[in-house]
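Below is a short report on a structure. Please keep the sequence and the 3D view open while reading.

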Amino acid sequence: MNTEAVIEARDLNLTFQTNDGPVQALKDVNLTIGKGDFVSFIGPSGCGKTTFLRVMAALEHPTGGSITVNGMSPDEARRNRAYGYVFQAAGLYPWRTIARNIKLPLEIMGYSKADQEDRVNRVLQLVDLEGFGGKYPWQLSGGMQQRASIARALAFDADILLMDEPFGALDEIVRDHLNEQLLKLWARTNKTIGFVTHSIPEAVYLSTRIVVMSPRPGRITDVIDSPLPAERPLDIRDTPEFLEVAHRVREGLRAGHSYD
Amino acid sequence: MKSVIAVLTVVAAIVLFWYVACVPMNIKGVLTEAQRAGAVVQPAEAADRRGMSSFALVAGNSFAIPATWAQERPRLPAPHQVAVELWDTTVNKKITSKRSLVYHGWVTLSATLLGFAIGTGLGILLAVGIVHSRVMDMSVMPWAIVSQTIPIIALAPMIIVVLYSIGVQGIIPKAVISAYLSFFPVVVGMVKGLRAPDSMQLDLLKTYSASTSQGFWKLRLPSSMPYLFASLKIGIAASLVGAIVGELPTGAVAGLGARLLAGSYYGQTVQIWSALFAAAILAAALVALLGLIERLVLKRMGVSA
């Protein structure tokens with residue numbers, strides 16, 4: 001499965017200095033993500049899953065160890081437009097139409113006007129939002145807004161998509177639908193995806209690898225390679241294989257967490 | 001419809017209170033005039049009336065009540081007297097006339113607009129500096145706050161004298177005082193507005209490796225628009241006050257402030273009140289105009305439905 005390492009973390013440590021003293025958000029994290037992997041990070045809050053994703057995106061900087069993205073430092077990778085980042089909230093600009101929201105990174109990165117149009121049309125199609133380019137964000141449902149924000153992250157052809165609980169604020173029905181769509185999108189584009197979630201079914205359904213993390217200090221307790229096939233209809237979640245993986249994730253979460 | 005009735009009821013209550021207040025305010029003057037004209041008033045001697053309360057005089061001389069609303073130089077002019085004066089000095093006078101309130105209003109308005117433009121520009125520049133530089137935040141903001149604690153009535157003459165001594169006079173000193181009052185709300189509002197984007201939105205721009213200026217033009221400035229307009233509405237009203245105050249200590253011959261001053265010199269209360277109302281109407285019109293521009297801009301930006 002791991003043809004080529006895209007993200008490689010070695011003995012990664014990150015300690016935040018807070019008023020209550022130092023907090024170790026990441027401790028001795030080792031992980032290799034291969035090209036085309038769909039990797040989920042799951043764990044209770046405070047386990048460092050979001051922090052780890054932010055380190056990959058150069059939004060936080062490690063205090064120890066090393067991390068490379070496409071063989072470069074995260075900062076260099078960012079300048080090379082290696083990744084698109086999707087946050088929990090869509091964060092669309094209310095004063096811009098959907099199309100112009102998607103153009104935002106393209107404007108900043110200096111794409112030509114004609115190229116911008118092409119790319120907007122292409123990614124709108126990719127997330128099934130054709131015909132909504134002229135709408136304002138408030139005219140769209142929460143799920144559609146989040147799809148638009150994914151389109152925005154895809155617009156500049158980054159190989160890596162980093163998603164921080166992108167569907168966390170949506171209801172379960174919408175979430176199922178978007179999960180299904182995300183898998184199709186991943187199959188079509190062959191992106192490498194890092195996906196933070198706190199939903200076990202979501203992690204198992206989507207991922208080729210599931211990274212289980214636990215808090216205080218934030219660390220990886222288990223890495224599970226999913227035996228599920230690439231083709232995954234929603235009802236795969238009722239098969240024994242799926243339940244077995246889910247069970248192992250749950251065990252991993254329980255082992256790493258004392259529930260105090 | 002219901003709200004129209006409510007608004008009219010409030011206005012009617014204010015007007016009614018005003019008419020009632022005219023009676024005790026003006027009764028002494030009315031009785032003095034009536035006595036001179038040969039009418040019988042209670043008590044008959046001016047010296048006896050001096051120590052009495054206005055209400056007692058009204059009670060004893062109810063015949064004089066209508067006259068309290070029709071004096072030439074009342075202490076408190078009645079609403080219709082102010083309305084008539086306003087009508088006379090706007091519609092019935094050529095706007096080039098020195099007695100036209102339109103003429104005086106324009107003199108004040110031009111200083112207001114110039115001062116507002118300077119104040120707004122300065123306010124926005126300072127806010128941009130404060131948001132982007134910690135040094136400016138710590139060094140400029142306290143002075144901006146201190147500047148607003150000095151009563152403008154104390155500062156205005158100094159500004160005018162200082163500017164006069166370096167040869168600046170006319171509209172500029174008034175505009176400077178206007179700007180002095182209007183820059184502050186713009187600074188406060190714009191600092192708040194430019195800082196409105198949350199950390200997630202700033203992080204998003206970071207993932208695009210956006211420059212500070214791109215972040216400013218694409219995120220911070222558009223985010224600040226609702227805050228800017230709220231500040232501009234306060235600022236324009238403050239500008240008008242500044243321009244009027246700027247006319248007071250100079251013995252200016254033109255402007256709403258000059259009308260106020262001339263009115264108080266000659267005991268022309270009707271003139272004072274009509275100048276005050278002209279100023280209030282002007283301020284309301286300016287704020288309404290800004291509200292209209294705000295609606296258009298925000299609608300254009302797609303922020304409001």
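## The sheet of chain A

How many bridges join strand E1 of chain A to E2(A)? Ten bridges do, and E1 (residues 5-18) runs antiparallel to E2(A). One bridge pairs A:Gln17 with A:Pro22, the latter in E2(A). Bear in mind that this is a predicted model.

The pair belongs to an open sheet of three strands in chain A. The order is E2-E1-E4, with antiparallel pairing. Strand E2 (21-34) and strand E4 (64-69) of chain A are the edge strands. Each has a single partner strand, so one side of each has no neighbour in the sheet. From one strand to the next, the twist averages 20 degrees.

## Fold of chain B

Which secondary structure does chain B contain, helices or strands? Chain B has twelve helices and zero strands.

The C-alpha trace of chain B spans about 90 × 55 × 40 Å along its principal axes. Of the 305 residues in chain B, 33% are buried. Now take the contacts in chain B between residues at least 6 apart in sequence. Of these, 76% join residues at least 24 apart.

## Where the chains meet

Chain A puts 18 residues in contact with 16 residues of chain B. On chain A, helix H2 (74-79) and helix H3 (98-109) each supply at least two residues to the side that touches chain B. The largest share comes from H3(A), with four residues.

What is the make-up of the side of chain A that touches chain B? Its residues divide into 14 nonpolar, two polar and two charged.

## Confidence

The predictor gives the complex an ipTM of 0.88. The pTM is 0.82.

Chain B averages a pLDDT of 90. In chain B, 98% of the residues score at least 70. Which elements of chain B have the lowest and the highest mean pLDDT? Helix H2 (residues 46-50) of chain B has the lowest, at 83. Helix H5 (residues 101-132) of chain B has the highest, at 94.

Note on methods. Residues are numbered from 1 along each chain as its sequence is written. Chains are lettered from A and ligands numbered from 1 in the order in which they are written. This is a predicted model: local features need pLDDT of at least 70, side-chain atom pairs count only at pLDDT 80 or more; totals for chains, interfaces and linings use all residues. A residue is buried if 20 or more other C-beta atoms lie within 10 Å of its own, exposed if 12 or fewer, and partly exposed in between; C-beta atoms are placed from the backbone. Two residues are in contact if their C-beta atoms, placed from the backbone, lie within 7 Å. Ala, Val, Leu, Ile, Met, Phe, Trp, Tyr, Cys and Pro count as nonpolar, Asp, Glu, Lys and Arg as charged, and the others, Gly among them, as polar. Two strands pair if DSSP finds at least two bridges between them. Axes are lines fitted to C-alpha atoms, for helices over the stretch in contact, and angles run from 0 to 180 degrees between N-to-C directions. pLDDT is the predictor's confidence in each residue, from 0 to 100.
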